Amino acid sequence: MKRILVVDDDPQGLESSRRILEWAGYEVITASDGESALERIRSKGAETIHAILTDLRMPRMTGIDFLKSLSVISCRIPVVLMTAFGGVEDAVWAMKLGAVDFLLKPFKKKQLLDAMAAALARAPHFSEATMSSAGEIASSMNALRHQIEKVAQTQATVLVMGESGVGKERIARQLHELSARRSHPFIALNCAAIPENLLESELFGFEKGAFSGADHAKMGLFEAANGGSILLDEIGDMPLVLQSKLLRVLQESEIRRLGSTRSVRVDVRVIGATHQNLRELVACGRFREDLLYRLEVIVLNVPPLRERPEEIRPLAQGFLEQSRERHGKRVLGFSEEALQFIQAHPWPGNVRELSNAVERAVVLTTHEWIQPEDLPATLSGALSAGRSSRPVMGESISVPIGTALKDVEDLLIRRTLEATDGDKAMTARLLGITSRTIYRKLDRREDASVLPDGAQDAPHA
């Protein structure tokens, strides 16, 4: 059963939304404000909540602030905002922060159910089966897969290393899902995404009166993750003063809230992740050596996508299936030309870049099979590199005045095809037309010689 968190400070509105969603067969949990909602997420685990419906105007924490907080803790639950005071600016701002839809009160039952159904279609799934179908850890990474399966059954601290975008968070989630802690929360925090002065209170919590504005006590992420796992992403950006406190958590399994004199025992598996060389940070005094030793109990190195080219096509197909379902598009697959572009690209942004490129293609294509022109323009350079020493744009053609426009067009297509060694996809990109247009033009004139009388190649001036 899909579980939806409804957040609204209006008791009547909260009850109305709950009844409609439960009538539709959803499990519903409720909260009266953003801070209470965050506590619900931390206590139940983000992976157990499939979508969120939240009001925009609320005391203590607005819907916008709630969205920002979800981003800070790397929570990817799809969110639908609702308000009686909404406008275009609110909607645009909410969408920029990650909301998937926006409802104006009062709304009809069908509007609510349609919005939640669309949000649930975008809910991430982090099970082992989903990762396998998406190809996140494919056949060439069997060694890493075996490491993950073996390490997941232990209580060891893990450090996941790899370039940005290789899928470090997904590996951390799989470690959690395969462990005995899977029924407890998994919480992810990006240490680089939250200001230094807020990071300590976010991790360890605080007592009422601990600092100006602390009008109530707050549980930290370590307490919220008790019994489960916590991912400290970009751990190399953690301030030195907090590194010493993290070291104590790893050594003593206890934390102390800001403003408290009492230590609290916690049972949390810590998973660190970084794209930086922590030993270099140690050498320049930006990372504690003793903390590094604690984190390096198990190190999982995730290779960049360019070092596992045999995975690119399976990954692309997996992302296409996910995007096709998410956006409701009837896309059957990739054309062979599009796959050539995808295979040849070095993917400096790794799996994340590939996922974004495929989703963009699925959204923008008007074909049943994704064509090269549906892909980002940056992919065209990879396929052309090294194909021919002849400069594609280094020559020009000249035709007599009065030559039929159709013949000029045919000549330009033919000469560009020659310069690209017959690559119709590259030719289409250079000329700003579709591959289908080229096929249609060539079919129109089967004669291989399209050069009109009197026309000749001319050196580029």
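## Charge over a ring

A charge is taken to sit over a ring if NZ of Lys or CZ of Arg is within 6 Å of the ring centre and within 35 degrees of the ring normal. The charged end of Lys 109 is placed in this way over the ring of Trp 23, 3.9 Å from its centre.

## Basis of the model

This is a predicted model, in which local features need pLDDT of at least 70 and side-chain atom pairs count only at pLDDT 80 or more, while totals for chains, interfaces and linings use all residues. Residues are numbered from 1 along each chain as its sequence is written, and side-chain values use heavy atoms, with hydrogens and water left out.

## Aromatic pairs

Rings of Phe, Tyr and Trp (its six-membered ring) pair if their centres lie within 6.5 Å; planes under 30 degrees apart count as stacked, over 60 as edge-to-face and the rest as tilted. The count by this rule is two aromatic pairs. The ring centres of Phe 204 and Phe 222 are 5.7 Å apart and their planes lie at 15°, so this pair is stacked. Both Phe 204 and Phe 222 are buried (under 20% relative accessible area, with exposed over 50% and partly exposed in between; 1.4 Å probe, protein chains only).

Phe 206 and Phe 211 form an edge-to-face pair, with 4.9 Å from centre to centre and 65° between the planes. Phe 206 is buried, with a relative accessible area of 8%, whereas Phe 211 is partly exposed at 36%.
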